[in-house]
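Please examine the sequence and the structure shown here before reading on. The report that follows describes how the parts of one protein chain are arranged.

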Amino acid sequence: MIKRPVDKMHETAFSKLKRKTAEIVFPSRCPFCKAVISGDKLICDTCTKALPQIAYFRFAAGGIPCSAALPYFEEYAGAMKRYKFGKKSDYARAFAFLTVRAARLKFGDQHFDAVACVPMSERAKRKRHFEHAEILAKKCAELLDLPYIEALEKHKENKSQHTLRRSERERNVKGVYRITDKSLCRGKSILLIDDIITTGNTLGECVRVLKRGGCKCVRCAVTCTTIV
Ligand SMILES: [Zn+2]
């Protein structure tokens, strides 16, 4: 079973009552099979047993190493779509746990100074009202006990990568991201988080911009990967 890291040491009687009441009124559900789970769990026992125990390894564009927790197969893609488009924010902890577990398997000996995410454009934020990669990255930062930094912004609109042919994707992401503040990046080793890697062009472009902004080292960690 994968347990929810609730900080019960610092829980008051009132906050415990609030948590227990919320668990009854809005029970936690397993992100993958939607079964009701107790409040201290992130994923049900059956799905936990079925989850891959390995980390997947990909390269983002530019040859940047990227860890991934899950293959983008139907049983996991459904959960990711419910998180992203159904705004199931309570799934973020489970996805962060799996993402961090895979990153630790692949980059265990590596030092990171901070966690960042692949940002959405302002228009996309206004439209969706749910910044899935940012929420995921913040949960990953909590689990890694690292600061989350808003290192990048998406300052230009582009077409959705999934609507384009592979050959068009590299050009589509060129120049759409920029550094927010060079002092956040200079000399830093960053773990860059996103929900999924497909061609790796988006992550690769973000890494390129971060490095031009002064980052010493960038590695990528995602929840899902398409299998290529
Ligand atoms: Zn389940």
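Predicted model: local features only at pLDDT ≥ 70, side-chain atom pairs only at ≥ 80, totals over all residues.

Residues are numbered from 1 along each chain as its sequence is written.

**Domains**

The protein chain is assigned domain 1 (1-51) and domain 2 (53-225); such bounds come from an automatic or database domain assignment. Between the C-alpha centres of domain 1 and domain 2 there are 26 Å. Seven residues of domain 1 are in contact with nine residues of domain 2, where contact requires that the C-beta atoms of two residues, placed from the backbone, lie within 7 Å. On the domain 1 side, five of the touching residues are nonpolar, one is polar and one is charged. In this classification Ala, Val, Leu, Ile, Met, Phe, Trp, Tyr, Cys and Pro count as nonpolar, Asp, Glu, Lys and Arg as charged, and the others, Gly among them, as polar.

**Helix pairs**

Helices (H or I, at least four residues) and strands (E, at least two) are DSSP runs, numbered from the N terminus. Axes are lines fitted to C-alpha atoms, for helices over the stretch in contact, and angles run from 0 to 180 degrees between N-to-C directions.

| Helix pair | Axes come within | Crossing angle |
|---|---|---|
| H7 (residues 166-173) and H9 (residues 201-212) | 9 Å | roughly 30° |
| H4 (residues 92-107) and H6 (residues 132-144) | 8 Å | roughly 60° |

H7 and H9 are therefore roughly parallel to each other, whereas the angle of the other pair makes H4 oblique to H6. Angles under 35 degrees count as roughly parallel, over 145 as roughly antiparallel, 65 to 115 as roughly perpendicular and the rest as oblique.

H7 crosses H9 in a right-handed manner, and the crossing of H4 and H6 is right-handed. A crossing is right-handed if the near helix is turned clockwise from the far one by less than a right angle, and left-handed if anticlockwise.

In H4, the residues meeting H6 include Phe-95, Phe-97 and Val-100, and their counterparts in H6 include Ile-135, Leu-136 and Leu-143. By class, this contact of H4 with H6 has 10 nonpolar, one polar and two charged residues.

**The sheet**

An open sheet of five strands has the order S5-S6-S11-S10-S7, with mixed pairing; two strands pair if DSSP finds at least two bridges between them. Strand S5 (56-60) and strand S7 (114-117) are the edge strands, each pairing on one side only. Strand S10 (residues 189-197) and strand S11 (residues 217-225) pair in the parallel sense over eight bridges. Within S11, Cys-224 is the bridge partner of Ile-196.

Which strands does H4 lie across? H4 lies across S5, strand S6 (64-71), S10 and S11, and runs at about 135° to S6.
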